[in-house]
Amino acid sequence: MQSRQYKTSPRFRGYLFEREVRKKLEELNFFVFRSPGSFLVDLVAFSPKKKVYWIECKIHRKPPLSEIEKWKEIARTYGAEYHVVTRDNLKEFLNRVKEEG
């Protein structure tokens with residue numbers, strides 16, 4: 001019974017969504033790695049054109065705008081772009097990075 005609960009938990013569904021995003025980026029020839037425990041961001045992706053993306057995957061709701069702006073600024077400091085990816089904007093995000101990167 002516990003294993004069944006685990007497989008339907010929000011944390012597990014979030015992990016599956018991270019894997020889905022990672023797989024789609026790798027199909028676009030991005031080099032992607034997952035942050036263990038999602039310490040800072042969920043995924044860091046390097047495009048074939050050497051652009052760096054810090055990606056936060058959310059299956060339910062985005063973080064507050066103030067938090068998003070804070071992370072965008074930090075990412076810019078390190079030459080990266082910060083993005084929050086949800087099921088609703090996944091296709092749009094992939095199209096954008098495909099064109100840019």
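Mentor: A residue is called buried under 20% relative accessible area, exposed over 50%, and partly exposed in between, using a 1.4 Å probe and protein chains only. What you see is a predicted model, in which local features need pLDDT of at least 70, side-chain atom pairs count only at pLDDT 80 or more, and totals for chains, interfaces and linings use all residues. Residues are numbered from 1 along each chain as its sequence is written, and side-chain values use heavy atoms, with hydrogens and water left out.

Trainee: How does glutamate 100 count, at 26% relative accessibility?

Mentor: Glutamate 100 counts as partly exposed because its relative accessibility of 26% lies between the limits of 20% and 50%. Arginine 96, at 39%, is likewise partly exposed.

Trainee: With which residue does glutamate 100 form a salt bridge?

Mentor: A salt bridge needs a side-chain nitrogen of Lys or Arg within 4 Å of a carboxyl oxygen of Asp or Glu. Glutamate 100 forms one with arginine 96, and the closest N and O atoms are 2.8 Å apart. Salt bridges with shared partners join Lys51, Glu81, Arg96 and Glu100 into one network. Helices (H or I, at least four residues) and strands (E, at least two) are DSSP runs, numbered from the N terminus.

Trainee: How many salt bridges does the structure hold?

Mentor: The structure holds 9 salt bridges. In one of them, arginine 87 meets glutamate 20 with the closest N and O atoms 2.7 Å apart. Because arginine 87 lies in the loop between S4 and H4 and glutamate 20 in helix H2, this pair ties together parts that are 67 residues apart in sequence. Contrast glutamate 73 and arginine 76, whose closest N and O atoms are 3.0 Å apart, and which both lie in helix H3, 3 residues apart, about one turn of the helix.

Trainee: Which side chain does that of glutamate 18 join in a polar contact?

Mentor: A polar contact is a pair of N or O atoms within 3.5 Å; within protein, one must be able to donate a hydrogen and the other to accept it, and residues adjacent in sequence count only if both atoms are side-chain atoms. The side chain of glutamate 18 has such a contact, of 2.5 Å, with that of arginine 34. Glutamate 18 has its place in helix H2 (residues 10-27) and is buried, with a relative accessible area of 7%.

Trainee: How many aromatic pairs does a search of the whole structure find?

Mentor: Rings of Phe, Tyr and Trp (its six-membered ring) pair if their centres lie within 6.5 Å, and planes under 30 degrees apart count as stacked, over 60 as edge-to-face and the rest as tilted. The search finds 9 aromatic pairs. Phenylalanine 31 and phenylalanine 46 have ring centres 6.1 Å apart and planes at 40°, so this pair is tilted. Phenylalanine 31 is exposed at 55% relative accessibility, whereas phenylalanine 46 is partly exposed at 31%. Tryptophan 54 and tryptophan 71 form an edge-to-face pair, 6.3 Å centre to centre with 65° between the planes. That pair links strand S3 (residues 52-58), which holds tryptophan 54, to helix H3 (residues 65-77), which holds tryptophan 71. Both tryptophan 54 and tryptophan 71 are buried, and ring pairs link Trp54, Trp71, Tyr78 and Tyr82 into a cluster.

Trainee: Which residues of helix H4 are buried?

Mentor: In helix H4 (residues 90-100), Leu90, Phe93, Leu94 and Val97 are buried. Seen down the axis of H4, the buried residues fall within an arc of 95°, so they line one face of the helix; the arc is that of the directions from the helix axis to the C-beta atoms. Lys91, Glu92 and Glu99 are exposed on the other side of H4.
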